[in-house]
Amino acid sequence: MISKWNYLPLTDDMKQIKEQLSSELGISPVICELLALRGVRNAADAQNFFYPQLSDLHDPFLMDGMDKAVKRLDSAIGQKEKILVYGDYDVDGTTAVALVYKYLRPFCFGMEYYIPDRYEEGYGISRKSIDYAADNGFKLIIALDCGIKAVDKVAYAKSKGIDFIICDHHVPDKELPAAVAILNPKLKDSSYPYPELSGCGVGFKFMQGFARNNGIDEAATLYPLLDFVALSIASDIVPITGENRILAYHGLKRMNEKPSFGLKGIINICGLQNRQITTTDIVFKIGPRINASGRMEQGKEAVDLLLSHNLEEAKERSKNINQYNEERKALDKSITHEANTILDSIDDFDKRKSIVIYNRDWKRGIIGIVASRLTELYYKPSVVLAFSNGIVTGSARSVQGFDVYKAIESCKDLLESFGGHTYAAGLSLKEENVDIFRKRFEEYVSENISNSQTTPQIDIDSVISFGDITADFRKKLQEFAPFGPGNAKPVFATHNVKTYKESKLVGKENRHIKMEMIDNGSASIMSGIAFGKSDIFESIKTDMPFDICYTIEEMTFNNKTPHYTNKKSIMQLSIKDIVTDTNDNCSD
């Protein structure tokens with residue numbers, strides 16, 4: 001699919017800021033341009049951006065309900081009540097459960113954690129878990145990364161003498177559960193300054209409130225758990241801005257310097273030991289393995305891993321979870337192939353603005369990944385549905401700029417339940433409603449999606465020459481990390497590039513191009529790789545110039561000795577797109 005290049009413009013105000021920053025900081029004007037595009041306005045902002053401080057985290061008691069939540073937790077601990085820590089089966093939920101359980105364990109008389117079975121209990125709070133809590137004498141359930149829509153379930157728990165504290169970050173309905181306290185920065189009229197926390201992030205703020213209320217040193221007891229928070233932020237694809245940037249920055253630092261035993265086990269099995277771990281490593285390697293436990297078997301196994309008491313235990317648990325991931329990948333490939341076959345048979349597929357696809361036999365835990373694949377391949381909001389325990393359940397994914405949650409909400413009269421975010425959501429419905437849901441969803445998308453949202457677009461941060469990519473430039477660029485939504489890795493364009501030496505096809509089925517290039521603006525030679533671009537291989541072998549857009553990738557290795565750590569970096573350009581007709585690479 002051909003992508004449109006969108007050159008991000010600098011406003012007059014941004015141009016002034018760029019010049020001022022360049023003068024005050026004495027760094028590359030291109031770096032200052034990137035800062036201005038990210039909302040940095042002065043040297044003090046730049047300092048906070050490059051070096052986030054934990055002291056700048058918001059007061060947890062600014063979150064509505066925090067006083068009530070901490071008071072109820074204090075009471076439970078003081079009365080030696082049994083507490084059940086409950087969470088979703090994905091990375092965000094399991095990290096949240098691991099963090100809260102690990103932090104509270106030294107203070108509690110009786111505490112367990114509970115992750116629902118995806119296939120038997122489904123998403124959110126289950127009646128089975130409440131019955132388990134009642135039968136085993138639990139008086140308080142702390143729900144993490146779920147619960148904001150569990151009105152009936154919380155009422156059922158209350159009838160059995162069980163209180164709920166809900167820590168969630170999903171969009172709430174008008175009616176809220178009758179919990180003792182609800183912590184959710186997305187509540188209507190919320191006074192909390194930052195609404196984009198992950199579910200684990202909300203759990204972290206709850207523990208921060210508990211620590212401050214009880215005079216506990218949070219730096220010594222809570223900050224060591226920030227590696228869990230960083231894992232949740234990167235995996236749940238929440239914006240890495242504001243408070244999330246602070247948490248992710250220090251969580252990654254912890255993950256690289258002194259990770260928990262459980263994370264160290266996964267890091268080793270991913271082959272990431274002695275490497276500087278980034279958000280990209282979490283998204284593509286660590287996160288999918290943690291997720292695979294809940295997709296294929298029991299999400300509880302992911303919490304068991306994260307809470308490992310030693311490295312040997314962690315290594316053994318990591319092997320099991322890695323095997324689940326291998327099985328997940330095979331199923332993912334099979335179901336995606338089946339989905340594409342179905343779509344190929346639809347006569348008017350090219351005219352449709354959305355995808356809603358259903359197969360009774362697909363494994364429920366894989367459909368979210370398949371929805372992501374279809375969205376990426378066809379660039380349409382996609383819903384993939386499967387049948388489980390007498391109900392059709394689905395996962396939805398969206399394209400840049402289109403709110404799939406609102407699209408699903410427009411069909412809520414057809415649904416049994418739904419929830420999620422702008423770009424990812426879940427739903428359930430009766431089988432007889434699938435066809436009408438498909439029709440209604442398509443109608444909503446057709447009426448509300450813009451033309452620009454139906455074409456993949458690459459935002460270009462800056463046009464540079466290879467000569468701009470100096471050692472100092474690369475070093476400063478690394479300080480823009482951690483990358484993610486709201487702070488994407490900068491994409492650069494260089495025009496009139498030629499191959500310097502013979503390029504070659506590499507990788508499985510020779511699908512990628514390994515190249516060395518030179519541009520007209522400098523004598524610098526750059527190496528790069530263009531993934532999946534083998535179809536234009538013959539075009540770039542000519543003497544005709546072409547344009548490229550790319551990110552600058554640094555692979556950093558830690559060469560550890562008994563006395564010091566020496567970091568070694570290897571740099572190459574990761575080429576996102578190549579335009580051989582240099583008059584056809586601009587957005588309107």
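Close-up 1. At 24% relative accessibility, arginine 440 counts as partly exposed, where buried means under 20% relative accessible area, exposed over 50%, and partly exposed in between, computed with a 1.4 Å probe and protein chains only. This is a predicted model, in which local features need pLDDT of at least 70 and side-chain atom pairs count only at pLDDT 80 or more, while totals for chains, interfaces and linings use all residues. Residues are numbered from 1 along each chain as its sequence is written, and side-chain values use heavy atoms, with hydrogens and water left out. The side chain of arginine 440 meets that of aspartate 413 in a salt bridge (2.6 Å, N to O), a term for a side-chain nitrogen of Lys or Arg within 4 Å of a carboxyl oxygen of Asp or Glu. Aspartate 413 lies in the loop between helix H17 (404-409) and strand E10 (415-420) and arginine 440 in helix H18 (residues 434-448), so the pair ties together parts that are 27 residues apart in sequence; helices (H or I, at least four residues) and strands (E, at least two) are DSSP runs, numbered from the N terminus. At 56% relative accessibility, aspartate 413 counts as exposed.

**Close-up 2. Strand E8 and its two neighbours.** Six of the seven residues of strand E8 (residues 382-388) are buried, so E8 is largely enclosed by the rest of the structure. Strand E7 (residues 355-358) runs parallel to E8 and is joined to it by four bridges, with valine 356 having valine 383 in E8 as its bridge partner; strands are said to pair if DSSP finds at least two bridges between them. With strand E9 (residues 391-397), E8 pairs in the antiparallel sense over seven bridges, and alanine 386 stands opposite threonine 393 in E9. E8 and E9 form a hairpin with two residues between them, and asparagine 389 in the turn has a positive phi of about 55 degrees.

**Close-up 3. The salt bridge between aspartate 131 and lysine 160.** The side chains of these two residues, aspartate 131 and lysine 160, meet at 4.0 Å, N to O. Aspartate 131 belongs to helix H6 (residues 127-135) and lysine 160 to the loop between helix H7 (151-159) and strand E5 (163-167), so the pair ties together parts that are 29 residues apart in sequence. Aspartate 131 is partly exposed, with a relative accessible area of 27%, and lysine 160, at 36% relative accessibility, also counts as partly exposed.
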